[in-house]
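Welcome! Take a moment to look over the structure below, and then let us walk through some of its details together.

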Amino acid sequence: VTFSDDNSRVTAELPTGETVEILLYGATVISWKDSRGDEKLWLSEAAKLDGSKPVRGGIPLVFPVFGTAPNHASASKLPQHGFARNNRWEFLGKSTSESAAGKQAADLSVKLDFGLSSSAVSNSDLWPFKFNLIYSVTLNRENLTTSLVVTNDDDKPFECQVLMHTYLRVKDITQVKITGLDGASYTDKVDGASTKSQSGDVTITGETDRVYTPKGGPSDPVSVVESGKTPYTVTRDNLSNVVVWNPWTEKAEGMADFAPKDGYKNMLCIEPGAVGAWQTLEAGDAFEGAQTITIPY
Ligand code: BG6
């Protein structure tokens, strides 16, 4: 594990060459490379990494609101996607482990923990609750797991939503299909938030912004298939929704921090979350949700 000179980010590398890089701002994973050095995440060339705005790319964390909630009692003042992605988190440390099966380097994994608590966020006017967040990023040879634990440290309940806004890098969006969502109902945000049912695989042929509720359990995989290969398989733990987002031409054009403008061809957001309903956390209770993204190696 190494730290950048300006203490803005943490990088970890496995003996087998895989790397992950996390910006303390937002605890945003901004890079994940396999042993060949191939980047798995899409990061905009115009992304701000200086803490001036949420990162366009990588894995921004969405908490405690997905989108905005102007009519919600306690979440109405929150900025789009909440404040987890635009506050500086604390690095809590790393742990490494080897599988019991053997002592080969290939079995090694590294886990990096980050924390953000209400005392570190000056937002009591935005969201009046005491909370603690622990975010763990675990790198293995064949996958990356990100896991968030939300604890209610207040003496009253609160409602929240959680989502991992993963920007996966693809070679050519027109060659991509997403499997594992057949039969799932979804809210189509580019069609007046109407409710629809997915039939067959998902292909992306224009602006796409959908909140899916897959029929199977969270561990049922959602896979990205491209030109006959399966570069990514995403499983979830306790996250019942999957948002599928691609801005396509016009939306990409409209985002100042989106570059190159045809970068939408090389990205696909597959965002596991608990956003279909509010999660109610009683005083002292915790909520844990995780995603695991598996790559072939
Ligand atoms: C997605 C939302 O998760 O995030 C979209 O479903 C939104 O509606 C997109 O446009 C990007 O949001 P932002 O705030 O990072 O521009």
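Strands here are DSSP runs of E with at least two residues, helices are runs of H or I with at least four residues, and both are numbered from the N terminus. The peptide bond leading from Phe63 into Pro64 is cis, with omega near 0°.

Before going further, please keep in mind that this is a predicted model, in which local features need pLDDT of at least 70 and side-chain atom pairs count only at pLDDT 80 or more, while totals for chains, interfaces and linings use all residues. Residues are numbered from 1 along each chain as its sequence is written.

Is Gln80 buried or exposed? Gln80 is exposed, because 11 other C-beta atoms lie within 10 Å; the label exposed applies at 12 or fewer such atoms, buried at 20 or more, and partly exposed in between, with C-beta atoms placed from the backbone. Leaving out residues up to four places away in sequence, Gln80 touches Gly67 and Thr68, where contact means that the C-beta atoms, placed from the backbone, lie within 7 Å.

Now turn to Arg56, in the loop between strand 4 (28-33) and strand 5 (61-62). Arg56 is buried, because 22 other C-beta atoms lie within 10 Å. Setting aside neighbours within four places in sequence, its contacts include Ser44, Met255 and Phe258.

Next comes another cis peptide bond, joining Ala259 and Pro260 with omega about -5°. Pro260 lies in the loop between helix 1 (248-254) and strand 20 (267-281).

Most residues other than glycine have a negative phi, and most peptide bonds are trans. Trp248, in helix 1, has a positive phi of about 60° although it is not a glycine. Asn238, likewise not a glycine, has a positive phi of about 65°, and its place is the loop between strand 18 (229-237) and strand 19 (241-246). Asn238 is partly exposed, with 17 other C-beta atoms within 10 Å.

Notes. Contact = placed C-beta atoms within 7 Å.
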